[in-house]
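This report covers a ligand site and a few individual residues. Please look at the structure first.

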Amino acid sequence: MVNKEAYRELVEELAAKKVTLVAVSKLKSVEDIIALYGLGQRDFGENYVQELLDKQAKLPDDIRWHFIGHLQSNKVKYIAPFVHLIHGVDSCKLLKEINKQGAKLDRRINVLLQVHIAQEETKFGFDETELADVLPQVDNYSFVNIHGLMGMASFSDNKGRVQQEFQSLQQQFELCKRNSSLASSFSIISMGMSGDYQLAIEQGSNMVRIGSLLFGRRQ
Ligand SMILES: *Cc1c(COP(=O)(O)O)cnc(C)c1O
């Protein structure tokens, strides 16, 4: 069930702050997506390739699909023709594969590099040193458009820690932006979910990925 009231309030709050809302619809029905689409939402985020393909086939063409999960290289080819933005690029191998599929389609594919900011070992992403190694190589990938960075904070009640993690992503974003090999299109910081999006925006986020606040809890 979609919480329309929460959606309207969120849209108003985010518009005032010029923050893009990605509605995270993973494990939610096509009907729920249509309900939000009917209210004007066009950016939706999914975590699983097969689920995204099933939904994309059934839903309107003007939806901008964001892939926000962990993407395996061997699955890039399925989403490459239509995906709007891949948030979780966390290895050179994946970057290379996205470039290869982009070249085949003659389509520049939009991506964000995922940076590991949380304390938990389980979260994917480049660390600071790896990021510094990747950046000089981006010129080699002419079918990939690197638009910015994505990160997930620790799952924690410790506000100070979460804040610090978001701040570290923001600082890395500023550093990357100064890197001359990145085009002026480097402009997106994707951070913040239902539980921490306000903290993320305070630390400079301009794209939030919100699921349960809009769609209710997932099974
Ligand atoms: C599921 C998910 C979200 C949304 O989480 P909520 O807490 O439901 O808002 C955001 N980002 C990523 C990467 C996710 O996997």
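Is asparagine 158 buried, partly exposed or exposed? Asparagine 158 is partly exposed, with a relative accessible area of 41%. Buried means under 20% relative accessible area, exposed over 50%, and partly exposed in between, using a 1.4 Å probe and protein chains only. Asparagine 158 belongs to the loop between β6 and α7 (159-177). Its side chain reaches the backbone nitrogen of arginine 161 at 3.1 Å.

The model is predicted: local features need pLDDT of at least 70, side-chain atom pairs count only at pLDDT 80 or more, and totals for chains, interfaces and linings use all residues. Residues are numbered from 1 along each chain as its sequence is written, and side-chain values use heavy atoms, with hydrogens and water left out.

**Ligand site**

The ligand is surrounded by 13 residues, each with a heavy atom within 4 Å of it. The closest are Lys26, Asn47, Ser194, Ser212 and Arg218. The shell divides into six nonpolar, four polar and three charged residues. Strands β6 (144-152) and β8 (207-210) each supply at least two residues of this shell. Strands are DSSP runs of E with at least two residues, and helices are runs of H or I with at least four, numbered from the N terminus.

| Residue | Protein atom | Distance to a ligand oxygen |
|---|---|---|
| Lysine 26 | polar side-chain atom | 2.7 Å |
| Glycine 211 | backbone N or O atom | 2.8 Å |
| Arginine 218 | side-chain N or O atom | 2.8 Å |

Taken alone, the ligand exposes 390 Å², and the protein buries 90% of that. Accessible areas come from the Shrake-Rupley method with a 1.4 Å probe.

**Aspartate 43**

Aspartate 43 lies in strand β2 (residues 43-46). Aspartate 43 is buried, at 8% relative accessible area. A polar contact (a pair of N or O atoms within 3.5 Å, one able to donate a hydrogen and the other to accept it within protein) joins the side chains of aspartate 43 and histidine 66 at 2.7 Å.

**Positive phi**

Most residues other than glycine have a negative phi. Lysine 18 has a positive phi of about 55°. Lysine 18 sits in the loop between α1 (4-16) and β1 (20-24). Lysine 18 is exposed, at 72% relative accessibility.

Aspartate 106 also has a positive phi, near 55°. Aspartate 106 is in the loop between α5 (92-105) and β5 (109-116). With a relative accessible area of 63%, aspartate 106 is exposed.

Methods: Ala, Val, Leu, Ile, Met, Phe, Trp, Tyr, Cys and Pro count as nonpolar, Asp, Glu, Lys and Arg as charged, and the others, Gly among them, as polar.
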